[in-house]
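Subject: The structure I promised you

Hi there,

Here is the structure we talked about, with the sequence alongside. Have a look at it first, and then read on for what turned up.

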Amino acid sequence: MLVAATGALAAPAQVADALPAQAAGACPTSSGVTAIVDFAQLGGGVTAGCDSNGGDESASQVFRDAGYVLEYSQQPGMNGFVCKIQSKPTDGDCAGTDAFWSLWWSDGRSGRWVFSNQGVASTEVPDGGYVAFAWHQGDGQAQPPAVSPTPHAAPTQAPDEPSDSNGGNGGGSGGSGG
């Protein structure tokens, strides 16, 4: 049994295909990290859970706190390789095949998935972000989850901050910054 960071039993919620991740199970605000698992290629749907304190934690911790059970390959040299999530796929160890769980993340502002080039224990997602696994089987590139990482609303200007009466960007070079 897993217990979420809030003290309640965590159970990922089913998310309708092709809808924004905010639909069900996702963190309701820009706090925490939403964990998503896309079981579609395994004949299932997409689920989501929330780790309300997941900002800057490892993705493995976020998935645990959001109610997912990750099983790792037991084959030598494959330490840390996620083989199963919620006991899926059901057929043996996935190491050494052309099938795998691809790991994705989003910062919670861009609305885009980024393929993680690190393992689940090394990937950290900022507060308000998303982390996801999507099953990939066969040739070709892994595809991101079938749900979008819905961007969170930008913070509004605090009442005590001075505003620019010219409607500009407050001076500077006018560049987009970054």
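This is a predicted model: local features need pLDDT of at least 70, side-chain atom pairs count only at pLDDT 80 or more; totals for chains, interfaces and linings use all residues.

**The overall fold**

The protein chain has one helix and eight strands. Going along the sequence, their order is β-β-β-α-β-β-β-β-β.

The chain's mean pLDDT is 76, and 69% of its residues reach 70 or more.

**Inside, outside and across the chain**

Of the 178 residues in the protein chain, 38% are buried. What share of the contacts between residues at least 6 apart in sequence join residues at least 24 apart? The answer is 57%.

- I36 sits in strand β2, which covers residues 33-38. Its relative accessible area is 0%, so I36 counts as buried. Between the C-alpha atoms of I36 and W105 there are 9.6 Å, while 69 residues separate the two along the chain.
- V82 belongs to strand β5, residues 82-85. With a relative accessible area of 6%, V82 falls under the 20% cut-off and is therefore buried. From V82 to V120 is 38 residues along the chain, and 7.9 Å from C-alpha to C-alpha.
- G128 is in a loop, the one between β7 (114-115) and β8 (130-137). This glycine is buried too, because its relative accessibility is 3%. G128 and S30 are 98 residues apart in sequence, yet their C-alpha atoms are 4.2 Å apart.

Next, go to the loop between β5 and β6, where you will find Q86, S87 and P89. Before you look at the angles, one bit of background: most residues other than glycine have a negative phi, and most peptide bonds are trans. Now for the loop itself. Q86 has a positive phi, near 55°, and is not a glycine. The phi of S87 is positive as well, near 65°, again in a residue other than glycine. Then comes a cis peptide bond between K88 and P89, with omega at about 0°.

**The largest pocket**

How do you find empty space in a structure? Rolling a probe the size of a water molecule over the atoms shows where empty space is left. In this model, the largest pocket holds about 200 Å³ of space. It is lined by 14 residues, and those closest to its centre are W101, L103, Q118, G119 and F133.

Which strand gives the most to that lining? Strand β6 (residues 99-106) does, with four residues. By type, the lining has eight nonpolar residues, six polar ones and no charged ones.

**One salt bridge**

Last stop: the structure holds one salt bridge. Its partners are D107 and R109, whose side chains meet at 3.9 Å, N to O. That pair qualifies because the cut-off is 4 Å. Is R109 buried or exposed? R109 has a relative accessible area of 61%, which is over the 50% needed, so it is exposed.

**Where to click first**

After that, find W101 and F133, which are among the residues closest to the centre of the largest pocket. Then finish with D107 and R109 and their salt bridge.

Key
Residues are numbered from 1 along each chain as its sequence is written. Side-chain values use heavy atoms; hydrogens and water are left out. Buried means under 20% relative accessible area, exposed over 50%, partly exposed in between (1.4 Å probe, protein chains only). On a 1 Å grid over the protein atoms alone, a cavity is a set of points where a 1.4 Å probe fits but cannot get out, and a pocket is an open set with protein on both sides within 12 Å along at least five of seven lines; lining residues have an atom within 4 Å of a point. Grid points are joined across faces, edges and corners, and a volume is the space filled by probe spheres set on the points. Helices (H or I, at least four residues) and strands (E, at least two) are DSSP runs, numbered from the N terminus. Ala, Val, Leu, Ile, Met, Phe, Trp, Tyr, Cys and Pro count as nonpolar, Asp, Glu, Lys and Arg as charged, and the others, Gly among them, as polar. pLDDT is the predictor's confidence in each residue, from 0 to 100. Contact means heavy atoms within 4.5 Å.
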